[in-house]
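Let's take a walk through this structure together. Keep the sequence and the 3D view open as you read.

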Amino acid sequence: MRRLTALLVSLSALAAGLLAHPESEVAIAELSRLIERTPLQPSLWFARSARYLEHGRWLEAEADLVETERLSPGFPGLNLAFAQVLLERGRYASARERALLVLSQESENAAAHLLSARASAKLGDAKAAAMGFSRAIALLAEPAPELFLERANLNLPVKVRLEGLEEGLSRIGPAHVLLVRALDLELSAGRIDDALRRIDRIVAQSERNATWLKRRGDILVTAGRIREARTAYEQAKASLAVLPDWLKQSPETTLCLNDLAQALNQLPPAPPP
Amino acid sequence: MTLITRALCLLLSSFLAGSALHGATSLVRGPYLQSATPTSMVIRWRTDATEPSQIRFGTEKDNLARTASSAGIHSEHVVQLSNLTPGTRYFYAIGLPGKGANQAGPLLGPISSFVTPPLAGPAKATRIWVLGDPGTKDEVQMAVRDVYTRFTGSRPTDLWLMLGDNAYPDGTDADYQKAVFDMYPDYLRSAPLWPALGNHDARHASSITQSGVYYSIFTLPTRGQAGGVASGTEAYYSFDYANIHFVCLDSHDSDRSRSGAMMQWLLADLSSTQREWIIAFFHHPTYTKGTHDSDSDKDSDGRMNDMRAIFLPVLEDAGVDLVLTGHSHVYERSWLLDGHYGKSQTFDASRHVKQPGDGRETGGGVYRKPRKRTANAGEVSVVTGNAGHASSKPVPLNHPAMVVSLNEPGSSVVDVDGFRLDFTFLNDKGEKRDWFTLIKE
């Protein structure tokens, strides 16, 4: 039966097309040959599952992990690999269970925290997910901005989500994607002044900031702050005017100028000061 | 042990390590230059013993009067030189601590030098060396390197790009030692290296956790400090050099969706730059019929499709001029193209070729683009994943978007001077096998 499984897996690997990943296919074929010869060696099954995992072949990866576990239930790295495969296959509760098993033995395993957080998010358990992300973020020396975004997208109060983004901005610097997400959240909460503060940071790091200044104006219009909106639009026009000639003449600059002219024309009269 | 006793022990061990070991300390790798800006340079190196991290530097070779250091003692050293003058040659060496508190110790390794990038904006003649998939550690990689060395002669390399798969087979620290640090010591210490992540590098690196060998070895700009918009990650980043804006994407391990963070950052970064040229580089090619097939949905798990269908439209819309990729161990160079985002059978020269011809002054005429930034004015895509090996077997090399397709090892050279860009491909025998010119007018 095991030989048949190995053969089927080998055949499916071949069917996936030798051109798909020439080096990986060679490695998988070699591992399959070794498995044929020594089918009781769990490291071979595990090594092949890693190759499948690398290429998103979740079904084959899981089959090899099952075999690894049958041969050696405590095989190192097995639960973490299972957690990843199960998460990818949509079996979120089982994925979380596996990740928690890893964490019961290695409480500082950032990857396990991350997988547990993602599984929890899929299960709708935002609180557990947030804890998982926070733990992973705390353990990583240089967490990617994507992790802060994932946490900020959880169904949590806006204040908590913004605090998480603020932590990201302080840890990894003024990453554009974090600033924009924070801006959107501030606006969704109707916190205009905080939104303007966010947009000012975006403006500061953009060499061509007219579109962001225009957005600043648009936000102010929505808030009924017409006089300030006019100032923002005028600042946007001024920033276009100082561009080098070859950029000033570009179609996108022309488009932006037209948008600004239209926005200024449509401004309602400002209330008396 | 109380906290104070522990602190005292730590202090004592630091002192002993610093004073006793440096007599026998030797360099394991580097120095190598990273994250160059007009006013700063990161210098990294590794020693076989822990030492304080110190660089002595100055604008005269025999007067390294300034010092820069980082706190603590390390074997993996990272020191940033700041307050430098743009476009200036600096001499530097690794300094070891002296015997007395205020005494300078001996130097570790030779005195090297680099030139800081010029201020971003104004044009300056710039030479860029491009290596795709170099890390085979063998004689082919060496031959490709030596050919470039002879080609460039006394003309300095301003910066060099690695397009991923920088160290075979697995991107381990040992792989990097042989394939990069032992292979290019002179270039590493004199010109900043800007790498992209390849699939082999990713075997020992993770973009989401920013961990593993690739991310440990390189120091890349995450806060927009070298120009461009802050990405917050070393997986994808941008930087300026004179009038050129470079964009490095992670085609392997970061989210490649339209709504992903990399795309959001890219849109902001491209719409922010004021540089006259835009060069994008990443690992997976948009078009290839070499050792990989960009028409296959399964090949490389669809990454080539993603880069072509999702990222290329954004790059072209922003007026990108040159797209450099590797992964396929061949050399393939396109026409001046725009708008070809499907499989090769959908390629229609009448719609997708902005300007026919080979782009050569001596042939069908150089490629010309308007000087004003114009969306979709055309870009040239180059697959040059052959700095370590070409395919040992025949490959189709029949992608219709390509003007030149060659199954031979080599590396590429980009020279930018004002509104003129000259591109050259050199094979491992020292032959100039392809070239073209792009002029903005």
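A word on names: helices (H or I, at least four residues) and strands (E, at least two) are DSSP runs, numbered from the N terminus. As for angles, axes are lines fitted to C-alpha atoms, for helices over the stretch in contact, and angles run from 0 to 180 degrees between N-to-C directions. Contact, here and below, means heavy atoms within 4.5 Å.

Before going on, keep in mind that this is a predicted model, where local features need pLDDT of at least 70 and side-chain atom pairs count only at pLDDT 80 or more, while totals for chains, interfaces and linings use all residues. Residues are numbered from 1 along each chain as its sequence is written, chains are lettered from A and ligands numbered from 1 in the order in which they are written, and side-chain values use heavy atoms, with hydrogens and water left out.

Zoom in on S21 (residues 410–417) and S22 (residues 420–427) of chain B: they run antiparallel and are joined by 8 bridges. B:Gly410, for instance, stands opposite B:Asn427 in S22.

Chain B also has an open sheet of 7 strands in the order S11-S12-S13-S14-S19-S15-S20, again with mixed pairing. S11 (237–241) and S20 (402–406) of chain B sit at the edges with a single partner strand each, so one side of each has no neighbour in the sheet. Neighbouring strands are turned by 15° against each other on average, direction ignored. Helix H6 (residues 261–272) of chain B packs on this sheet, touching S11, S12 (244–248) and S13 (277–281), and its direction makes about 180° with that of S12. Further along, S14 (residues 322–325) and S19 of chain B run parallel, joined by 4 bridges, and B:Thr325 stands opposite B:Val383 in S19.

Strand S19 (residues 380–384) of chain B also holds B:Val380. Is B:Val380 buried or exposed? It counts as buried because its relative accessible area is 0% (buried means under 20%, exposed over 50%, partly exposed in between, with a 1.4 Å probe and protein chains only). Among the residues that B:Val380 touches are B:Leu322, B:Trp335 and B:Phe436. B:Trp335 is 45 residues away in sequence, yet 6.0 Å from B:Val380, C-alpha to C-alpha.

Now hop to chain A and helix H16 (residues 251–265), whose 15 residues reach 21 Å from first C-alpha to last, close to the 21 Å expected at 1.5 Å a residue (the expected span is 1.5 Å times one less than the number of residues). A:Thr253, A:Cys256, A:Leu260, A:Ala263 and A:Leu264 are buried in H16. Seen down the axis of H16 of chain A, the buried residues fall within an arc of 95°, so they line one face; the arc is that of the directions from the helix axis to the C-beta atoms. They pack against H13 (210–222), H14 (226–241) and H15 (245–248) of chain A.

Methods. Pairing = 2+ DSSP bridges. Lists of a residue's contacts leave out its neighbours within four places in sequence.
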